[in-house]
Amino acid sequence: MLEVKDLVVAYGRVQAVKGISFSVEEGQIVSLLGTNGAGKTTTLRTISGLIKPVSGEVWLDGERLDGTPAHAIVTRGIAHSPEGRKLFPRMSVEDNLLLGAFTRRDHAGIKQDLDRVYALFPVLGERRQQPSGLFSGGEQQMLAMGRAMMSRPRLLMLDEPSMGLSPIMTQTIMRTIAELRASGTTVLLVEQNAQAALTLSDKGYVLEVGRIMFTDTGEALLRDDRVRRTYLGLDL
Amino acid sequence: MNDTGSLVTLAPDSSGPAPTGERWIRFAKPARWIAIAGAVGVLAAPFMAWAYRPDALDDVSFWGEPSPLQWFAFALGLLLLGCLVAPFVIKPRPGRRPRRLLAFNRGAKAAASGSLVYFAVASAAIVLELGGLVALEPGAWAGLAGALVATVATRALPEGHDPRLQFLNTPAWGQILGIVGAVALVLFAAAYGLGQDGASTFVTFGVLCGVGVYVAARVGVMGWLSAAAARNRRALVLAAFAVAFLFPMTQDGSDANMSIAVGVLIFAATAMGLNIVVGLAGLLDLGYIAFLGAGAFTAAILSRSAFATLGWSPPFPVVVLISGTVAAILGLIIGSPTLRVSGDYLAIVTLAFGEIFRITMNNLDGVDGPNLTRGSNGIPAIPDLELFGFDFGESHMILGVQIGRFANYYWLMLLVLALIILVFTNLNHSRIGRGWVAIREDERAAEAMGVNVFGLKLLAFAGGAFLAGIAGAVKAHVDVSVTPDQYIFMESAFLVAGIVLGGMGTVGGVLIGASILKLLPEKLRFFEDYRLLMFGVLLVVMMRFRPEGLMPDERRQLEFHADDDELAEEIGENIEAHVIPSLAGAPEPDLKGDDA
């Protein structure tokens, strides 16, 4: 479904992503793992068109994606829930969600998806007219995910959904991701919490300073010594 | 009511730390009687002379025959007395919890200090106009003393509970009646205030209006009114429009006030257009007056004036469209390179654009460029409009009332303003409006949501310019002549100031802000030299005490008081109470008095 080829991204003269290639198949959950500065967020931002790559290609379903402006990429079926959630804190929950559906004009479908999000996250439904800035971190993350779902994406990119959340909240979020996959959404996940991410993932890519070091299925990576030492903090 | 002044009945829901007045609570009973004595003083004052000679205020030099301003003082005194006496009259019914609909103690405090301010302003006006304290007659002193006594004494009354009138289950016709009454009161106040020739009378009356609103707010009437208005938007809009429409009828064919009123409407319409750019999309445009100018110049050039330079004059509806389009194209031209910068840079670029426009209009005089605008002379002698056989320059008799030239234009501008407000509110609640607010809040996040940031910014710019162009086309005919020096930077600054003063992104707030900024200098000519100083002070005071504007957008209120959790909760509740039923079509929330 998504194909990234030799992607190079730079901020000024500093290369953040130094030629990575990976692919995401339909219906999968794929994780990008790595320490700070590995280039995970940059990769997502490039795919969603917020940054222009220096070289390399991004393909979605056999169509070239790089060079397309960000707002047009949303209409192609990619939703990006950015790092730090980037909600509109002074806008209500409902307005936030409706903004997620900004590119759509089918009112009936939007209403239906609103109800779907409220069913998935009842907290949001109860407080739909409150400004999202008043919410706790976990609730905000739910809203960020719900908002990303509102564009009815085929590919959902989540950047650090568990950041700053309690273990219980992390579990809830991860369970939701699994549910999303079950309902047919493909997910590209960036996580620091490797344990949680890999348990869910069909495939994982481990990045380090802008390069993919190795890749495998989620299960295999969970058992991989290098991963266990670096990301799971196990002393082997 | 529970606050008859005894210690025990301090309402449990009086929130927040006890104000300093609560310390004097044991004096509450005697204080109430002292305050009543003060109120009697205030009531007696209007029947005495306030001034030695008749030429101060509206002749307050008679004994026993109060002038209108004195009657207003009497009304204030009645209000004060009523608030003080009410707790004796309205006893809680046995076995029932008190209803606590009105906060009489707060009303008494507000009415007392309000009368003090009123008498102080009136006395100051007399002293200034007649030269010295000698000019003050016993009436003024009695009023001052009574109000002072009442003010001091009411400080000792407990603050009491929050008024619950706004939660009263009023039938729909009652709510609408209240709205119509309030709007009619505004019409009366506007007509009466504008009818006052003396600046001091006008100021004194203005103070009275302010005091009236303040007392109503403290007692709880305003809360009820805004709740009713929120639930009957259409009635409010219709009533406001009807009142604005009727205003010329109160003027008896006099053009003096109508010319001011037309100016206010043009200013308000322009501010409303700018409100899209500044209030919704969050783009600070400091050269907006240029779009008004572009519309005015286009209309002037296409008019039948002997000085028009093109010699082509299509009918006015076409001219309006062309004017709007010219302004919108200018907006696109200035917008497409500059909207990629934001914040301060955009402000600087638009400021420069405003100046470039003015200088260009000065130079298109046939010497430095093609002769389009006749340079600094501008285009004079623009004839009056004639639409569908209706000559705007003539007086007409309508329902036995003389309707002069400016009143004709007033009605036309009212239509234009209504159109602009319609466009504004529809945009505000549309998908596009949501996109603009998202851009204002966080441009990058908006882009990630699929909002075409640049396109929407450009649309805001061009759309706002189009509306200003339309207003400009009418303005050209109202003003008869169009010259470049009408469109200076100061006008742009006042437009922004009006929006900030009223409340960015709102309709009502911007109308009020624009009216205040345009009306005050027109009515108070003596204050012209200090106009900028006063506005500067006004804005600084606003930024300190009410940065969200007079009538804030609820979303905006959070922006300025983000650390105030209580307010945040309250806004959340308010929004839920008012917005959810209207959105979801659900039945209205059950808002009853707490004994119902």
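Which helix of chain A lies across β6 and β7 of chain A?

1. Before the details, a word on the basis. This is a predicted model, in which local features need pLDDT of at least 70, side-chain atom pairs count only at pLDDT 80 or more, and totals for chains, interfaces and linings use all residues. Residues are numbered from 1 along each chain as its sequence is written, chains are lettered from A and ligands numbered from 1 in the order in which they are written, and side-chain values use heavy atoms, leaving out hydrogens and water.

2. Start with the open sheet of 4 strands in chain A, ordered β2-β1-β4-β5 with antiparallel pairing. Helices (H or I, at least four residues) and strands (E, at least two) are DSSP runs, numbered from the N terminus, and two strands pair if DSSP finds at least two bridges between them. At the edges sit β2 (14-24) and β5 (63-64) of chain A, each pairing on one side only. Helix α1 (residues 40-47) of chain A packs on this sheet and touches β1, β2 and β4 (55-60) of chain A; contact means heavy atoms within 4.5 Å. The direction of α1 makes about 110 degrees with that of β1(A), where axes are lines fitted to C-alpha atoms, for helices over the stretch in contact, and angles run from 0 to 180 degrees between N-to-C directions.

3. Now follow the pairings across that sheet. Strand β1 (residues 2-11) of chain A pairs with β2(A) over 8 antiparallel bridges, and Leu2(A) faces Val24(A) of β2(A) there. Between β1(A) and β4(A) there are 5 bridges, again antiparallel, with Lys5(A) partnered by Glu57(A) in β4(A).

4. The β4(A)-β5(A) pair is worth a look on your screen. These strands run antiparallel and are joined by 2 bridges; Leu60(A) has Glu63(A) in β5(A) as its bridge partner. Their hairpin has 2 residues between the strands, and Asp61(A) takes a positive phi near 50 degrees.

5. The other open sheet described here has 6 strands in the order β6-β7-β8-β3-β9-β10 of chain A, with mixed pairing. Its edge strands are β6 (78-81) and β10 (211-217) of chain A. β6(A) pairs in the parallel sense with strand β7 (residues 155-159) of chain A over 4 bridges, and His80(A) stands opposite Met157(A) in β7(A). As for the opening question, helix α6 (residues 137-149) of chain A lies across β6 and β7, running at about 165 degrees to β6(A).

6. Turning to the interface, 27 residues of chain B and 26 residues of chain A take part in the contact. The two chains bury about 2,700 Å² between them, 64% of it on carbon and sulfur atoms; buried area is the accessible area (1.4 Å probe) that two parts lose on being put together, summed over both. Arg431(B), Arg434(B) and Met449(B) lose the most area on the chain B side, together 28% of what that side buries.

7. Finally, the charged pairs. The interface of chain B and chain A has 2 salt bridges, each a side-chain nitrogen of Lys or Arg within 4 Å of a carboxyl oxygen of Asp or Glu. Among the salt bridges in the model is that of Arg434(B) with Asp95(A), at 3.8 Å from N to O. On the chain B side, α21 (565-584) is one of the elements giving two or more residues, and α21(B) gives the most, with 7 residues.
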